[in-house]
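Here is a friendly walk through one model, to be read with the structure open beside the text.

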Amino acid sequence: MANVLAVTEQRGGALRKTSREVVWAARQLADAMGGTVDALVLGAPGVEATGFGLGGVGADRVLVAGDASFANYSPCGYAGTAAAVAKAGGYGAVLVSATAAGRDLAPRIAARLDAPLATDVTGVAFADGKVTATRPVYAGKAIQQLTLDAPLAVVSLRPNTFAPGAAAKVGAVSQVPAVTASRVTVREVKAAGQGKLDVAEATVVVSGGRGLKGPEHFALIEKLAQALGGAVGASRAVVDAGWRPHAEQVGQTGKTVSPQLYVAVGISGAIQHLAGMKTAKVIVAINKDKDAPIFQVADYGIVGDLFEIVPRLTEEVAKARAG
Amino acid sequence: MKIAVCIKRVPDTETRIRMGADAAAIDESGVKFVVNPYDEFAVEEALQRREKAGGGEVVVLALGPDAAQETIRGALAMGADRGVLLKADRVPADALAVAKALAAELKDGGWDLVLFGKMAVDDCNHAVGPMVAELLGLPCVTAISKLELEDGKGVAEREIEGGVEVVAFALPAVLTAEKGLNTPRYPALKGIMAAKKKPIESKPAALGEARVTVTALGLPPERKAGRILGEGADVVPELVRLLRTEAKVL
Amino acid sequence: MAPRFEGVDFYDVSALLSEEERAVRDTVRQWVDDRLLPVIGAHYLAGSFPRQLVPEMAELGFFGANLPEQYGCAGLNNVAYGLIMQELERGDSGVRSFASVQGALVMYPIHAFGSDDQKQKWLPAMASGEVIGCFGLTEPDYGSNPGGMITTAKETADGWVLNGAKMWITNGSTAKVAIIWAKTGALDDPGSIRGFIVPTDTAGFSAKDQQGKLSLRASDTSELVLQDVHVAKDALLPLSRGLKSPLSCLTQARYGIAWGAVGAAMGCYDEALRYAKQRVMFGRPIAAFQLQQQRLAEMLTEITKAQLLVLQLGRLKDLGKATPQRVSLAKRNNVDVACDVAREARRLLGANGILAEYTAMRHLANLESVYTYEGTHDMHTLILGEEITGISAFE
């Protein structure tokens, strides 16, 4: 019997969506392990965790560590605090979401706890007294099954993969000490653009490629993304050409995304791009070349001139949403 | 300036993956191996920092099989000074085991910087760099896209969702490189020839027990075949209808 | 984005190369994919040489790569040098011509026939791309018969005065320096041919690009006119003597061309194969049709033979055994088969094959020049014929 510690993330005092996924996954794992779920919240002093609804996704307890240095992600502080809580005992697993912060945090926690680590997993389970994990490797070309052989394992979960359900637990909030010793200082966080939705967090992504012929035409993509309430993504070619920032790049050397809907416009579908988006629930492709590889992974495809199709799609989506 | 760069020999990303006989690793025959693309940014950064400092040493380390010497040689051809191969027939799936072996080699090395690529494109763990930092007790910033160093102090930037984090630290430090940190140089042909004479020390990797094991490696589930709905903008209403009623994502 | 070239290597010739030779090949290969191929189509159509790439090529050490390190060169062996030419020509024959001229026809004669002062003065600057050179041998009326040239160099009190005209000179209009071959004695005495290093800004020297080319369009091809061009005594390449001197330069260049042709063929084959696998007609990829498979099989067979041919030639050259006749055989064969491969690839590509977006037709057009220059196909036939039979059939 062992418990699961779910490390959550907040931004500006609000719980990040991925944290609900982590707590939910922790709930499933704890049930398999015969244990409870503690959700760890790290934030500025007075961070109001009771409003996070963590009990609703399965947290038995909510442990809050507040410190001025925790308002933003602080690598050593978060790792030190999580490790201290985990060391206090009784845990079989520590779960983290593989966000930008989580990818940085999970290895640090694992090293401090001398625990085995599985990262960016799409499945986590408990079998024969050990934590097991499923994860994509080789740019999504293969799936690995792992067994972590230790009393305590650290696992980071791929965002947008563990859709949370409801599991009403108490979620009683209590304070834990913040471990603040730090070797680095996060000086500031520069926001990208006003309310620009990050491609890795969005449920809808509209991506543009070379077919758009020039940076000025990306306005078409932006309008469609807006109509769909989604984020703008980009292929490597247009990022390398300087049309779009690297933060928007979807693909092997960019971001891996798993949205509900991915619309690929003027993108041929090179292996490296597919690696970043082929686990999307629904893929739509728009391309003038009917032999483009993207059509092999698309659920729905339209062949033709994107300069005619995309505005029409934006129009029809707006109509559908309004009506 | 004394800089260590840890690199990894990985299958080229264009390679078609086939499972090996034991279904726990890929079939390596016919696979082209290259230096992990993110590690190239780390090597380039090390070379630039050495140049800016007006001198120093760049040492390239790799944990892997004998064939990784060729990978190290590639970094020497770019301009690194010497290489160290920690020999292991197979790189364990246990990132912490790898980190411990690297940390044992790096300990007491008097490094100003220890650089990594942010992740390897084969196992995509994003872990060894920060783990080594923890084991060595050094400050660490991961996935950096910008770096400034001055007077034994550094400021790095890393992309996060919706923005950029600016992080300050003192040297010595461990940094892992994101794409775009710099533009890696091609090895000059002269550099390729010079690399032949640069030393590569080979020793067995001090690998402890691996607590992460791969029990199976398989192909991902096939996506159900989709369909091309038609040509031109007139098909759009049908697409929207299907996205609503069939796919239920609208 | 064009897919990266992974090589064509049916007989695992890579395993016969050393680690350094592979590293050299892979560096040039990647550079061609990243830097040359994206721009070459536009340059070809515009008829311009991509000058902006020269500094990078120089910095990577592409010029005079098989000359010694003491002159700032890479000091590679001849197989590695050949691999550079192979990969460059996979990019474009005109760009490979630039490198061939600079390395084999300008730097080589200075290295082989020049004084120490000349070598020190020119070679490092040429390796670094600071000084571009050209090779003036061919004349309007003397192509296959260079011994008949009428450009003269008469000795004067303080040097030489040169008069004549050269044609079909690669880099002529942009070169800072021209290696001019001229007769110092009677016009019927080819033994009096000697080489001169002529700065192109010397009074009386002019160069003009030839217009209307349908081949090698991404290359500068010029006429040179020398009208009472006075050069100092130290312009003479002291060890040059007779026709053998410029011909030995040609042998160096031809060696590189034999490799280059393989590169062009490899590029055409690779493009054709990728196209055949994804182009669908009658409900199947055209790679399923027998006639296309035959095309591809023929191409691969010729490429494989050509690869093994030049590899052995390179090993012989490193032993000092690459005679001009052995080089003739390779140049003659490899360029001829490359022409065939390019043509067949163009045909496989169908209508798309006439577009500059694809490389086949550009290669096809370029290779016609490569067939003709550096010794026409027919001339090499006679060189071999004479070697085999002992009987000259030139006249």
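Helix α6 (residues 244-278) of chain C packs against helix α8 (residues 324-348) of chain C at an angle of about 20°, and their axes are 8 Å apart. Since angles under 35 degrees count as roughly parallel, α6(C) and α8(C) are therefore roughly parallel to each other. Their crossing is left-handed. By class, the contact of α6(C) with α8(C) has 22 nonpolar, 2 polar and 3 charged residues. Please keep in mind that this is a predicted model.

The axes of helix α1 (residues 19-46) and helix α3 (residues 78-91) of chain C come within 8 Å and cross at roughly 20°. That makes α1(C) roughly parallel to α3(C). Here α1(C) passes α3(C) in a right-handed crossing. On the α1(C) side the contact includes V24(C), V28(C), V32(C), L36(C), L37(C) and I40(C), along with E20(C), E21(C), R25(C) and R29(C). From α3(C) come V79(C), A80(C), L83(C), I84(C), E87(C), L88(C), R90(C) and G91(C). By class, the contact of α1(C) with α3(C) has 11 nonpolar, 1 polar and 6 charged residues.

Next comes the core. In soluble globular proteins, nonpolar side chains tend to be buried together. The largest nonpolar core in this model has 322 residues. The residues with the most contacts inside this core are A6(A), L95(A), V5(B), V132(B), F196(C) and A265(C). What is F196(C) in contact with, leaving aside its neighbours within four places in sequence? The partners of F196(C) are A153(C), W160(C), L162(C), I180(C), A182(C), V231(C), A235(C), L236(C) and L237(C).

Now to chains A and B. Their contact takes 73 residues from chain A and 67 residues from chain B. Helix α3 (residues 100-113) of chain A supplies the largest share of the side of chain A that touches chain B, with 9 residues. By class, that side of chain A has 38 nonpolar, 14 polar and 21 charged residues.

Chain B itself has 6 helices and 13 strands. Its C-alpha atoms fill a box of roughly 65 × 45 × 40 Å, taken along the principal axes. Of the 250 residues in chain B, 52% are buried. Among the contacts in chain B with a separation of 6 or more, residues 24 or more positions apart account for 70%. A cis peptide bond joins L171(B) and P172(B), with omega about 0°. P172(B) is found in the loop between β9 (163-170) and β10 (173-177) of chain B.

Back in chain C, two residues have a positive phi although neither is a glycine.

| Residue | Phi | Loop in chain C | Other C-beta atoms within 10 Å |
|---|---|---|---|
| N171(C) | about 70° | between β3 (159-170) and β4 (177-183) | 25 C-beta atoms |
| E374(C) | about 55° | between α9 (360-372) and α10 (377-389) | 24 C-beta atoms |

Are these residues buried or exposed? A residue is buried if 20 or more other C-beta atoms lie within 10 Å of its own. N171(C) is therefore buried, with 25 such atoms, and E374(C) is buried too, with 24.

Definitions and conventions: Residues are numbered from 1 along each chain as its sequence is written. Chains are lettered from A and ligands numbered from 1 in the order in which they are written. This is a predicted model: local features need pLDDT of at least 70, side-chain atom pairs count only at pLDDT 80 or more; totals for chains, interfaces and linings use all residues. Axes are lines fitted to C-alpha atoms, for helices over the stretch in contact, and angles run from 0 to 180 degrees between N-to-C directions. Helices (H or I, at least four residues) and strands (E, at least two) are DSSP runs, numbered from the N terminus. Angles under 35 degrees count as roughly parallel, over 145 as roughly antiparallel, 65 to 115 as roughly perpendicular and the rest as oblique. A crossing is left-handed if the near helix is turned anticlockwise from the far one by less than a right angle, and right-handed if clockwise. Two residues are in contact if their C-beta atoms, placed from the backbone, lie within 7 Å. Ala, Val, Leu, Ile, Met, Phe, Trp, Tyr, Cys and Pro count as nonpolar, Asp, Glu, Lys and Arg as charged, and the others, Gly among them, as polar. A nonpolar core is a set of buried Ala, Val, Leu, Ile, Met, Phe, Trp, Tyr and Cys residues joined through C-beta atoms within 7 Å. A residue is buried if 20 or more other C-beta atoms lie within 10 Å of its own, exposed if 12 or fewer, and partly exposed in between; C-beta atoms are placed from the backbone.
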